[in-house]
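Work through the exercises below with the coordinates loaded. Each task is followed by a solution in steps.

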Amino acid sequence: MHAALLPLIKELTTITELGSIHSVLSWDQETYMPQGAIESRAAALSLIAGLCHDRHTSQTFTDLLKTVVDIQTGQPFLADLSPQEHRMLQEIHRDWRMANTLPTDFVTRYSSLQSQSQYHWQKARQANDFSIFAPYLDKVIAMTRQKADYFGWQYTPYNALLDEYEPGATTTALTPLFTRLKEAIIPLLHTIQKKDAFSALPKGPYDKAIQLKFSHFLLREMGFEFDHGRLDISTHPFTTQFHPTDVRITTRFNESDVMEGISGTLHEGGHALYEQGLDPARFGTPLGAAVSLGIHESQSRLWENFIGKSPAFWQHYLPQLQSAFPPLANVPFADFYQAINQVKPSFIRVESDELTYNLHILIRYEIEQLIFQDQIPVQELPELWNQKYEEYLGITPPDDAHGILQDVHWSMGAFGYFPTYTLGNFYAAQLWETLLSAFPALEQNIQNGDLIQVRGWLKTHIHRLGKEKPAETLMAELTGQPLSEKAFVSYITKKYNQIYGL
Ligand code: ZN
């Protein structure tokens, strides 16, 4: 590292370490913290979040940054930087600019509104009554719109929100891809719906303690390092990291559906391998951090779906699953494979299959644009939501709990986040094609239980790089194609044509 950068890096590392303390406490809150501690924990979390923000926006930090970059443009002053250091400084400047753009008083008000709104969203969902949430959603939208104005935008405020989660993403770039995806998926779905449904897997019971053991086993097979990570149980599966040497994942188990826990484990395992694969020597800098949410999601989708719902994977692991779970003992391979790949439109995004999943995202993407571009009133959203489900998936949610109230994202103001899930599927498909051509025997190797080959390749070509390159550049160089829906459409069409004999 260039000597002139060291004081800045040292300060940044301290801030990242403070952030890790915040992550440890919130991981604990979701896993082991006793219920009664919620208030004291919230106070501790907000104290640390404030310390991080203050330190990142302090005069000391600004002065350190000023010594190495032009504070207005982010252009580095030093001539003898490596391309990685050059890129690192631009990313440090971007993060600093975003943290400093929002006035402290706005940040405080927004964060307090977020917790109130999340609380009322939960109440509304339990009571199945959108009107409890509506006034808070209205305020969250207004403040999020203000946030977009602080960040600055072109064409639509929604672009500022997209850019926050997937740097560089715009509606101009995404809409054509999403439209072509929709045009390919909906007819395929209609064709599949004319076919008979496959029989489902036995309803168990699947012992939860054995499911936990099986999840540990699968994670070890993927190359998850248990001396640098843990698996625990929470209501909603998630991954959090304190350092590449300490990555925590959670999953949940359902006694009547063994695949729920397995999918959760493989998905979060994919995220976790990314975090364990980052370069510890670059910890605290953008070069030691994941490049974007879309790329992060490509890692989880690759493991959960492209590998974890493939015939090769289950030809190897089904016998072991069957000996662990007696209810599956007599299920033939072909029936098992069809059952785990059954296509069935559902109301709930997180329960949906690989084909219809993206339709759930497209609906949210379209509604988010209507909110921020066309300022459609909050009262009209549930009706609009239901219309779109009818139009795209052919089903109308029976109530708002199965409709607009299902996801936490909007209550937190996370507008612009959903599209990163579909970008993850696109990138995963492009990577899968690349892997198949890099390793002609890949599927045979997976069938023999060799998952380390994939893990090794991802680590070398993606994980170790951190933010060395922007997401789109990284993927274009690696896969030989720009971001597009093509690889995904071709993968999904081929897969379901084969499964449904189309
Ligand atoms: Zn994910």
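The exercises go from the whole chain to single residues, and the model they use is a predicted one.

**Exercise 1. Overall dimensions**

Task: Decide what radius of gyration the globule rule gives for 502 residues, and how the protein compares with that value.

Solution: 
- Step 1. A compact globule of 502 residues would have a radius of gyration near 23 Å.
- Step 2. The protein has 23 Å, so the value agrees with that of a compact globule.
- Step 3. The secondary structure consists of 20 helices and 3 strands.

**Exercise 2. Burial, contacts and charge**

Task: State what share of the 502 residues counts as buried, and describe the surface.

Solution: 
- Step 1. Buried residues make up 55% of the 502.
- Step 2. The accessible surface is about 21,400 Å², and carbon and sulfur atoms hold 54% of this area.
- Step 3. Take the contacts with a separation of 6 or more: 71% of them join residues 24 or more positions apart.
- Step 4. For the charges, there are 39 positive and 56 negative ones, and their mean positions lie 2 Å apart.

**Exercise 3. Two domains**

Task: Find the bounds of domain 1 and domain 2, and describe how the two are placed.

Solution: 
- Step 1. Domain 1 covers 3-152, while domain 2 is assigned as 171-203 + 279-500.
- Step 2. The centres of domain 1 and domain 2, taken over C-alpha atoms, are separated by 28 Å.
- Step 3. At the contact between them, 30 residues of domain 1 meet 29 residues of domain 2.

**Exercise 4. S215 and F253**

Task: Is S215 buried or exposed? Also work out which residues surround S215 and F253.

Solution: 
- Step 1. S215 belongs to helix α9, residues 208-222.
- Step 2. The relative accessible area of S215 is 2%, so S215 is buried, the cut-off being under 20%.
- Step 3. Apart from neighbours within four places in sequence, the contacts of S215 are L231, F253, G261 and T265.
- Step 4. Move to F253, which sits in the loop between β3 (246-251) and α10 (258-277). Its relative accessibility is 9%, so F253 also counts as buried.
- Step 5. With residues up to four places away in sequence set aside, F253 touches K208, Q211, L212, S215, I233 and G261.
- Step 6. As a distance check, F253 and S234 are 19 residues apart in sequence, and their C-alpha atoms are 9.3 Å apart.

**Exercise 5. Backbone details in loops**

Task: Which peptide bond is cis, with omega near 5°? Then examine the phi values of Y155 and Q375.

Solution: 
- Step 1. The cis bond runs from G204 to P205. P205 is placed in the loop between α8 (171-193) and α9.
- Step 2. Y155 is not a glycine, yet its phi is positive, near 70°. Y155 is in the loop between α6 (130-151) and α7 (157-165).
- Step 3. With 72% relative accessibility, Y155 counts as exposed, the cut-off being over 50%.
- Step 4. Q375, another residue other than glycine, has a positive phi near 50°. Q375 lies in the loop between α14 (357-373) and α15 (381-393).
- Step 5. The relative accessible area of Q375 is 55%, so Q375 is exposed.

Note on methods. Residues numbered from 1 in each chain as written. Predicted model: local features only at pLDDT ≥ 70, side-chain atom pairs only at ≥ 80, totals over all residues. Heavy atoms only, no water. Helix = DSSP H or I, 4+ residues; strand = E, 2+ residues; numbered from the N terminus. Rg over C-alpha atoms; globule rule 2.2 N^0.38 Å. Buried < 20%, exposed > 50% of the residue type's maximum accessible area, 1.4 Å probe, protein only. Contact = heavy atoms within 4.5 Å. Areas by Shrake-Rupley, 256 points an atom, 1.4 Å probe, with all protein chains shown as cover. Lys, Arg positive; Asp, Glu negative; His and termini not counted. Charge placed at Lys NZ, Arg CZ, Asp CG, Glu CD. Domains from an automatic or database assignment.
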